[in-house]
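Colleague: I would like to go through a model feature by feature. Please give the rule each time, and then the case.

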Amino acid sequence: MDSSTNSLDDASADGSADFPERASMMEVRLQAQDDEITLLKSSLADALRRIRLHDQLLPLLKQQLIAVNPGAARVLNQVCCSDGCTGSKRLSSNSTVDGVRHSATSHLQLSDSIVTNANGHIGSPVSMTPCPRPATLDRSTQTEPSLPGQDIGQDKVPLPRRVQSLQLEDALPPGQPLVEGTRAKLHRTPGLEEEEDEEEEDEGGGEQEKELSWTSSVEEPIQPTTIRGLQREDFQDGSCSPEQLGSASVRTSDSNLNSRSGPLTPIQEGDKKPLVRRNSEKLGNPERPRKRLDKKAASSANLLARSPSLENRSKELIAGAGSPGSRRGTYSQEQSIKMFIRGRPITMYIPSNIQNYEELKMEPPPERLELDWVYGYRGRDCRANLYFLPTGEAVFFIACVVVLYHINNRTQRHYHKHTDCVRCLTLHPDKVRVASGQTAGVDKDGKPLQPCVHIWDSTTLVTLQQIGLGTFQRGVGSVAFSFADSGAFLCVIDDSNEHMLSVWDCNKGTKHAEVKSTNEAVFCVEFNPSDSTSIITCGKSHVYFWTFIAGQFTKKQGIFGKYKKPKFIQCFVFSLTGDVLTGDSEGNILTWGKSAADVKTLGKGAKETLQIMRQTRAHEGSVFTLCPLQGGALLSGGGKDRKIIRWSADLAPERECEIPENYGAVRTIADVDGEELLVGTTRNAILRGTFSDGFVAIVQGHVDEMWGLATHPSQNIFLTCGHDRQVCLWNTEEHKLDWCISLEEYGLCADFCPNGAVVSVGLSTGRWMVLDLLTREVVSESIDGNEQLSVMRYSPDGSFLAVGSHDNFIYIYNVTESGRRYSRFGKCNGHSSFITHLDWAKDGNYIMSNSGDYEILYWDIVAGCKLLRNRFESKDREWASYTCVLGFHVMGVWLEGSDGTDINALCRSHSERMVAVADDFCKVHLFQYPCPKPKAPSHKYEGHGSHVTNVRFTHSDSHLLSMGGKDTCILQWRVIGGDSRERLASASPAFTSSSEPATS
């Protein structure tokens, strides 16, 4: 999240990042193409399901039409013959004769057995009780007054599949007049399966049938309506009362009417009426087309969650016709809800113990988090970031936190008022006040945040001034207090292209003056200790001497003269004599002083210049830091040679030592008491020691992006791994690094075996290894595929290990010999994208997994890694852990408009009372668990300066660990509030049937 980082050494300055940029662009383009392909597959799967449902519904539609109008059998048979229909599905002779036999009275039966509304919608047969009402003739319907004694028992005959349209006048009895404009065609209405599922029972106890839905086209398509609309008109006319209609009540479902239009408008269902069937035939078995379509849609079946209403409708209609039903149980829409990520629906099935989902109230958990410890130090790309206070505390920063670490008591205090990564730090002459500058960064919507400088009290941690809000661009690169006037002024250089130099009043927070410094990188700025009007800056190939008088700046450039101009001036200090000493990338210490101007070179009128008076060879490679000591002595820290050299006042070397190679080069030096030193290194470590006794690390951290995090099942330790190829074991009680080993590849995921003796680590090449915690030796090693591994997870009893890979597979291993022997058990094959998270059920037989295309799949491991296609059956399953970011229990953690990558990780506490979330916006959230409703409230915590990659609770839920990505920071949070004993012993169900969530 930082702005462009200054080059630290020669290699980093010369190199260009063209190849990573091109690779990044290609990855973005490939991801966009993958998204388009996924959407196309989803659309294809949806279309195939629609076709299958239409094929299944067609026989029932024909059967229903014959039932309500037997005279139509003759017409349909003629249409079938004219269309060349020669298949086996012909009208039966009995049914045809039946239709002819009753043709004489079909005009009487029509009004009782079929109701057509203004849009040509055919409704259910109404009660046979005589009901006088006038005949209705309009453009699309014809109805005659019904006569008493009419026989409604008719045969229901399946119609040919190829019947596509039906002339309404052909179904009328002979002699029935046809009003002009009433010619209409009955069409099957697409989108029938989208209607809400409804199940009704007859008062008379007859067979249950689904009402058919049709549309009428008279010159233009007319939208479908329900029979209730026509009945309501009849009630209003007074021609027929509801009592006379008997049980012909209609329930409508119009929740989708406004969302769909045209040919995909959902059809509303009418009531199911008792129909007496004679010579009825069974519907054709739809298994053949179903199998054929299933085969076509197999590759995309997992891309789009099936609509519950669509499934319910198809099941009930098919089951009612006597054909085999769906494998899934019947359930109403209230048993599932949907969430959408990037326009893709994800169906969540509501557990059985949730009775009133809509009445559930989401509240923040009673527990809260408090920052307890910060692991790491930012020495990799920052300078002058380590100071020692008279209180015995070392001041340094990492991510958004400034840490005050007491080197003897081993305690930490934290200043965390910054909103983004801290980039620079300086100490006031009074040794109490501290100024720290931050980078700009962006908010969750991508809008830039304003950088600023905080002046704060190191004793009370109270912010005294906030300087430059809205003034600086990109970030603050360097800050310095004046000395001659007791720190009345603060000098700031920002990270804009011109690297603006500004001077501010520390007490009032007002700006005195501002000037463009240079387009080159600026590494350091300082006031002259004896003159607050003199300011020096250094950076890439320059040293500038500034004079600040009456609000105006004048600049003089240092003249290198006969000396080789170095590529970088890394640092500088003032000697007791007032000279300026600089350290450069050539390994030299240059002494600068004033001299008379060379009139021959600069011309007449030239004033004095600042030139190099002396050059001292100090280090091999760059001189990264200079630290003045009492009495005029000087310390220098080298880059390539990793040496610390003590120099006398006249720059004669006195003592030197070399720090261990695994800590990197010397980044900065802080004097403790003239003898003891604190050394910050380029590999994010702080060392403490002396020239005679050597140095030991008191602060350590990762040096590159981290992803793998695992907590021990019974001890207060945790393990981390990342792109720096290091695997580190940390102690949460002693706040220290127990051990660290280096790997040949990136470590991206890890998990402890339940027995606590070994830990497995997944690498970037598909290889994974098992380490013994005591000996640090590799006790087992294997490889699965050639793509990176994203998750490792042991089953609750430790008998299985699941390995999730970016090759879309989950590999299952049998675990024996206390986690030291592994044999392949099976492979879960069914995801269409890379595996992101997985969890085991409490019985150790099932797995829930998430993938990069937002799938939620369930697996029966004991049955041979079998994919459970009926996800509805897993809604009540209990999970030993909950780290999957997609699921009903954690649906509320997603913000509205999330793109699917906004949440990197989450973790449920062992007490099952809260869930911690790591997001892409540098925040850690604490929600109550379960969290099944959108826009759930949470406690939000800041501290990370990059995307938070992982979170984990310790075994006792006493602490939460969060891990940043690029900020290389590990934050340890103390869980406060709530009942700690209840957190440890809680075993109550996660859900209650009441509307209130389980919190106490």
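Colleague: How many aromatic pairs does a search of the whole structure find?

Modeller: Rings of Phe, Tyr and Trp (for Trp, the six-membered ring) pair if their centres lie within 6.5 Å; planes under 30 degrees apart count as stacked, over 60 as edge-to-face, and the rest as tilted. By that rule the search of the whole structure gives 25 aromatic pairs. One of the ring pairs is Phe800 with Trp840: the centres are 5.8 Å apart and the planes are at 15 degrees, so the pair is stacked. Phe800 belongs to strand S46 (residues 800-805) and Trp840 to strand S49 (residues 835-840), so this pair ties together parts 40 residues apart in sequence. Helices (H or I, at least four residues) and strands (E, at least two) are DSSP runs, numbered from the N terminus.

Before going on, the basis: this is a predicted model, where local features need pLDDT of at least 70 and side-chain atom pairs count only at pLDDT 80 or more, while totals for chains, interfaces and linings use all residues. Residues are numbered from 1 along each chain as its sequence is written, and side-chain values use heavy atoms, with hydrogens and water left out.

Colleague: Are Phe800 and Trp840 buried or exposed?

Modeller: Buried means under 20% relative accessible area, exposed means over 50%, and partly exposed is in between (1.4 Å probe, protein chains only). Both Phe800 and Trp840 are buried.

Colleague: Which residues do ring pairs link into a cluster?

Modeller: Tyr544, Trp546, Phe548 and Phe553 are linked in this way.

Colleague: Where does the charged end of Lys827 sit?

Modeller: A charge sits over a ring if NZ of Lys or CZ of Arg is within 6 Å of the ring centre and within 35 degrees of the ring normal. The charged end of Lys827 is over the ring of Phe809, 4.2 Å from the centre. Lys933 has its charged end over the ring of Tyr357, at 5.6 Å from the centre.

Colleague: Now the sheets. What is the order of the strands in the open sheet of four strands?

Modeller: In general, strands of a sheet pair through backbone hydrogen bonds, either parallel or antiparallel. Two strands are taken as paired if DSSP finds at least two bridges between them. Here the order is S13-S14-S15-S16, and the pairing is antiparallel. Strand S13 (422-427) and strand S16 (463-467) form the edges, each pairing on one side only. Neighbouring strands of this sheet are turned by 20 degrees against each other on average, direction ignored. For such angles, axes are lines fitted to C-alpha atoms (for helices over the stretch in contact), and angles run from 0 to 180 degrees between N-to-C directions.

Colleague: How many bridges join strand S15 and S16?

Modeller: Strand S15 (residues 453-457) pairs with S16 over four bridges, in the antiparallel sense. Trp456 has Thr463 in S16 as its bridge partner.

Colleague: How many salt bridges does the count come to?

Modeller: A salt bridge is a side-chain nitrogen of Lys or Arg within 4 Å of a carboxyl oxygen of Asp or Glu. The count is 30 salt bridges. Among them, Glu370 and Arg974 meet at 2.7 Å, N to O. This pair links distant parts of the chain, with Glu370 in strand S8 (residues 368-375) and Arg974 in strand S59 (residues 970-976), 604 residues apart. Glu370 is partly exposed at 36% relative accessible area, and Arg974 is partly exposed at 29%.

Colleague: What is the N to O distance between the side chains of Arg413 and Glu393?

Modeller: That salt bridge has an N to O distance of 2.9 Å. Arg413 lies in strand S12 (residues 411-415) and Glu393 in strand S10 (residues 393-398), 20 residues apart. Arg413 counts as partly exposed at 27% relative accessibility, whereas Glu393 is buried at 7%.

Colleague: Last, contacts. Which residues does Met706 touch?

Modeller: Contact means heavy atoms within 4.5 Å. Not counting residues up to four places away in sequence, Met706 touches Cys721, Gly722, Thr949, Met963, Gly964, Gly965, Thr968, Cys969 and Ile970. Met706 is in strand S37 (residues 706-711) and is buried, with a relative accessible area of 0%.
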